[in-house]
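Biologist: I would like to learn how to read strand pairing, cores and aromatic contacts. Please take them one at a time.

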Amino acid sequence: MLRKFFIVFFLGGLPTSWAQPTLQFMENSVAPGTMLSWMQPVSTTALPITVIHGLHAGPVLTLTAGIHGDEFPAIFALQQIKQLIQPEQLHGTIIVVHLANLEGFHARRIALSPVDEKNLNRVFPGKSDGTLTERIAYFMTEQIINKADYLIDIHSGSANQSLLPHVYSPVMHQALLDEKTLAFAKSLGIPQIVLYDERPNDPMRSVSFPNTAQTRGKPGLTLEVGQLASRSTAESASIVQACLNAMRHLSMLDASAINGSAMDSATSQSNLQPVLYRKLMEVRSSVTGIFYPLVKVGDAVVSGQAVGRVENYFGELLETLYAPVAGTVLIQQETPPIRQGESTTDIGVPQ
């Protein structure tokens with residue numbers, strides 16, 4: 001009895017900055033200072049989810065991978081983050097969706113789900129009674145975004161794309177939210193940041209996962225690291241560093257919250273001064289055929305420079321593609337097939 005009284009008295013006397021309540025997530029309860037992983041049923045599929053619920057009060061950060069099933073580096077990076085974070089030293093909560101598109105992953109599909117041929121990052125906020133992809137989007141809106149304060153949705157180049165690592169920092173033309181979002185984007189330590197305002201402001205047709213957060217007043221970033229559907233350990237390590245930098249920015253952790261020496265590396269990355277791009281300009285093919293790139297990611301191009309050509313199946317030139325603006329090549333189509341209207345080269349236009 002005396003021991004029970006002492007425990008209650010001791011916990012009751014903790015400073016409020018040291019304690020936060022148990023987190024109720026669907027049918028799971030996660031006590032402060034603990035971690036829980038489970039497969040969360042959603043319609044006919046399940047999502048692998050980990051909640052790292054810090055002992056100390058703080059923000060809720062959501063990290064997601066596998067929105068597109070063939071973008072692999074983030075999947076490995078989030079497994080590593082699960083191993084690195086010490087929940088008893090964490091301020092706040094990390095919700096990890098390890099793989100949002102399980103069917104696309106196992107089918108090795110570029111972007112789409114084999115169940116309904118839909119792109120998960122184009123159907124938000126989803127539908128409770130829709131197709132499987134729409135139901136996943138609805139679950140992630142109602143159960144993930146609604147619990148989050150900040151969100152990083154992590155992508156990479158699919159099997160057909162190379163890219164220069166970059167972050168998309170949405171612009172909603174709301175001064176406080178835009179300032180908060182850009183500061184969050186800069187904290188990741190990624191050298192390229194693309195500002196864009198091309199997604200709808202309507203929360204009921206928000207289209208993408210990060211934009212769904214933005215339309216609800218929560219900073220939501222897209223982090224792009226990796227290419228050609230690779231499983232590069234260096235690219236996964238870069239993602240881990242970016243996520244740790246974000247946590248430091250949000251005052252969620254210090255060195256005592258990390259297993260190992262990852263914090264020193266993350267700290268050095270966060271001091272980089274990024275290049276800001278005001279938009280991405282796509283160079284689209286007007287014909288169907290075989291694409292040959294004439295530039296590579298990271299190249300600086302000038303307006304009017306040839307960036308690629310398209311030939312027919314006999315090796316005869318159909319079209320030469322030219323940069324419409326000066327900027328930096330951030331994304332490049334690397335595989336030969338190209339259809340009319342598809343983008344071959346994405347150029348970041350400096351601010």
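Biologist: How many bridges join strand S13 to strand S18, and in which sense do the two run?

Modeller: First the ground rules: this is a predicted model, in which local features need pLDDT of at least 70 and side-chain atom pairs count only at pLDDT 80 or more, while totals for chains, interfaces and linings use all residues. Residues are numbered from 1 along each chain as its sequence is written, and side-chain values use heavy atoms, with hydrogens and water left out. Helices (H or I, at least four residues) and strands (E, at least two) are DSSP runs, numbered from the N terminus. Two strands pair if DSSP finds at least two bridges between them. Here S13 (residues 289–293) and S18 (residues 337–338) are joined by two bridges and run antiparallel. Gly289 stands opposite Ile338, and Ile290 is opposite Pro337.

Biologist: Which strand pairs with S13 over four bridges?

Modeller: That is S15 (residues 306–311), again in the antiparallel sense. As for the charged groups, a charge sits over a ring if NZ of Lys or CZ of Arg is within 6 Å of the ring centre and within 35 degrees of the ring normal. The charged end of Arg309 meets this over the ring of Tyr292, 4.4 Å from its centre.

Biologist: In what order do the strands of this open sheet lie?

Modeller: The order of the four strands is S16-S15-S13-S18, with antiparallel pairing. S16 (317–322) and S18 each have a single partner strand, so they stand at the edges with one side left without a neighbour in the sheet.

Biologist: What share of the chain is buried?

Modeller: Buried means under 20% relative accessible area, exposed over 50%, and partly exposed in between (1.4 Å probe, protein chains only). By that count 51% of the 351 residues are buried. The chain has eight helices and 19 strands.

Biologist: Which residues have the most contacts inside the largest nonpolar core?

Modeller: A nonpolar core is a set of buried Ala, Val, Leu, Ile, Met, Phe, Trp, Tyr and Cys residues joined through side-chain atoms within 4.5 Å. The largest has 41 residues, and Leu223 and Met247 have the most contacts inside it. Helix H7 (233–249) is among the elements that give two or more residues to this core, and H7 gives the most, with seven. Contact means heavy atoms within 4.5 Å. Beyond its neighbours within four places in sequence, Met247 has contacts including Leu61, Ile81, Ile94 and Leu253. Another core, of 26 residues, lies apart; Val97, Leu120, Phe124 and Phe209 are among its members.

Biologist: How many aromatic pairs does the structure hold?

Modeller: A pair of aromatic rings is described by the distance of the centres and the angle of the planes. Rings of Phe, Tyr and Trp (its six-membered ring) pair if their centres lie within 6.5 Å; planes under 30 degrees apart count as stacked, over 60 as edge-to-face and the rest as tilted. The structure holds five such pairs. In one of them, Phe25 and Trp38 have ring centres 5.4 Å apart and planes at 65°, so the pair is edge-to-face. Phe25 is in strand S1 (residues 23–25) and Trp38 in strand S3 (residues 34–42), 13 residues apart.

Biologist: Is Phe25 buried or exposed?

Modeller: Phe25 is buried, because its relative accessibility is 0%. Lys147 lies over the face of Phe25, at 4.9 Å from the ring centre.
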